[in-house]
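Dear colleague,

I am passing on the structure below for you to look over. My notes on it come after the coordinates, and I would be glad of your reading of them.

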Amino acid sequence: MGGSVMGVTAREMEERQRRTLQMAEKLVESTMAGRDASHDAAHAFRVRDLALSLAMEEGLDNNSLEIVEIAALLHDIGDYKYSKDLVEDTSIVENFLNEEGLEESKRHKILGIIKGMGFKNEVAQICGDSSLEFGVVQDADRLDAIGAIGIARCFTYGGSKNRILHDPKITPRQNLSKENYINKSENQTTINHFHEKLFKLKDMMKTEAGRKRAEKRHNFMVDFIEEFYEEWNGRT
């Protein structure tokens, strides 16, 4: 017979976790419907799969895996880029976690990961969570931002904002502040986003598993951008 924690059997705990994950998937599909394909439900599901793969490679236990999976699934629901005032909104996620009855410690951990994992926070040099749970979720999100899928997502987002592909007269911004990074009204090009953010992600990975996977994806992007410039300038 399975053991119990405060009157809850292991089977009941498993059923609760399964239901919470199913409800999280439904929440992702409903709240992210209608977004462009750079930050849609498919992105959240890819990040979830990547995060679980990294977590298992890093040896995290089942308790941590639940935190990782839920945080990865829900990490972009309140994305500031899709809010009216460019402010991150975690209220939907907070309400969901409360309604699902997760332990306070898990709710706190999941929300901490979601609130701290954005590139904008590292631009602002805000010190985040140093736990492995945080690291694998952040690394998974960043892996999905680079490589072949990262390239596709970058041009998809740029197209949704009617950005031009490239203009040699508009140079990549240096030493970005958090405010400048968030301000999407500035004159920007899609190609510059590779230099301002995507090329930097390989060296910002938090886990060994993430660093290993980032290398290949990074090199693919470098080759792509080199070819892009060759074609743009009519040399090939």
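Predicted model: local features only at pLDDT ≥ 70, side-chain atom pairs only at ≥ 80, totals over all residues.

Residues are numbered from 1 along each chain as its sequence is written, and side-chain values use heavy atoms, with hydrogens and water left out.

The protein chain holds 11 helices and two strands, where helices (H or I, at least four residues) and strands (E, at least two) are DSSP runs numbered from the N terminus; read from that end, the order is β-β-α-α-α-α-α-α-α-α-α-α-α. Its radius of gyration, taken over C-alpha atoms, is 19 Å, which agrees with the value near 18 Å that a compact globule of 236 residues would have by the rule of 2.2 Å times the number of residues to the power 0.38. Along the principal axes, the C-alpha trace spans about 70 × 35 × 30 Å.

Of the 236 residues, 47% are buried, meaning under 20% relative accessible area, with exposed being over 50% and partly exposed in between (1.4 Å probe, protein chains only). Among contacts (heavy atoms within 4.5 Å) between residues at least 6 apart in sequence, 71% join residues at least 24 apart.

Not counting residues up to four places away in sequence, valine 28 touches Ala33, Ala41, Ala44, Phe45, Leu73, Leu74 and Ile77.

Isoleucine 225 lies in helix H11 (residues 208–232) and counts as buried because its relative accessibility is 4%. Beyond its neighbours within four places in sequence, isoleucine 225 is in contact with Ile191, Phe194, His195 and Phe199; its C-alpha atom is separated by 9.9 Å from that of histidine 195, 30 residues apart along the chain.

Glutamate 14, in helix H1 (residues 10–31), counts as partly exposed because its relative accessibility is 45%.
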